[in-house]
Amino acid sequence: MALAKSLSPALEAGLDRLGVPEAVLGIVIAAVVLLPECLAALRAAQVNRLQTSLNLALGSALAAIGLTIPAVVTVSLFLDQPLELGLGDKDQLLLALTLLIGVITLGTGRTTVLQGAVHLVIFAAFLFFAVVP
């Protein structure tokens, strides 16, 4: 987290020069924060330890989101500032689609490569719409 905070000004300046929307900075910072757990999840998947891989990937993402959002809401309430999570119509649709596909994927008890590919396509669409609004 400290690394992401120290990198933020340089990343922001670089993204400004490239002319990409401000939302991309949040995506890059989130990627930096989640990178160690994601690498560990990839290593576990490579040695066929799927349960460990899923626990690392989902656990770190849920912990980051589950701790960040309540902290931001608390600070927002404490400082009496309005809170906007920044989800536009496209982002809300992609979030709902991701949750639906996630329920289907994890609810059946068995995942397939096709389901994983669908998740990656939704993620690619999210990244595309973040850069090209």
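A residue counts as buried under 20% relative accessible area, exposed over 50%, and partly exposed in between (1.4 Å probe, protein chains only). This is a predicted model, in which local features need pLDDT of at least 70 and side-chain atom pairs count only at pLDDT 80 or more, while totals for chains, interfaces and linings use all residues. Residues are numbered from 1 along each chain as its sequence is written, and side-chain values use heavy atoms, with hydrogens and water left out.

**Helix 2 and helix 3**

- Helices here are DSSP runs (H or I, at least four residues), numbered from the N terminus.
- Helix 2 (residues 23-46) and helix 3 (residues 50-78) have axes that come within 7 Å and cross at roughly 165°; axes are lines fitted to C-alpha atoms over the stretch in contact, and angles run from 0 to 180 degrees between N-to-C directions.
- The two helices are therefore roughly antiparallel to each other, a label for angles over 145 degrees.
- Contact (heavy atoms within 4.5 Å) is made by L34, E37, A40, A41, A44 and A45 on helix 2, and by T52, S53, L56, A57, S60, A61 and A64 on helix 3.
- Sorted by class, this contact has nine nonpolar, three polar and one charged residues; Ala, Val, Leu, Ile, Met, Phe, Trp, Tyr, Cys and Pro count as nonpolar, Asp, Glu, Lys and Arg as charged, and the others, Gly among them, as polar.

**Aromatic pairs**

- Rings of Phe, Tyr and Trp (its six-membered ring) pair if their centres lie within 6.5 Å; planes under 30 degrees apart count as stacked, over 60 as edge-to-face and the rest as tilted.
- By this rule there are two aromatic pairs.
- The F123 and F126 pair is stacked, because the ring centres are 6.5 Å apart and the planes lie at 25°.
- F123 and F126 are three residues apart in helix 5 (residues 113-131), so about one helical turn separates them.
- F123 is partly exposed at 46% relative accessibility, and F126 is partly exposed at 30%.
- F128 and F129 form an edge-to-face pair, 5.5 Å centre to centre with 65° between the planes.
- F128 is partly exposed at 46%, and F129 is partly exposed at 33%.

**Positive phi in the loops**

- Most residues other than glycine have a negative phi.
- N48, in the loop between helix 2 and helix 3, has a positive phi of about 65° although it is not a glycine, and N48 is exposed at 69% relative accessible area.
- D80, in the loop between helix 3 and helix 4 (89-107), has a positive phi near 55°, and D80 is exposed at 69%.

Terms used
Parallel < 35°, antiparallel > 145°, perpendicular 65-115°, else oblique.
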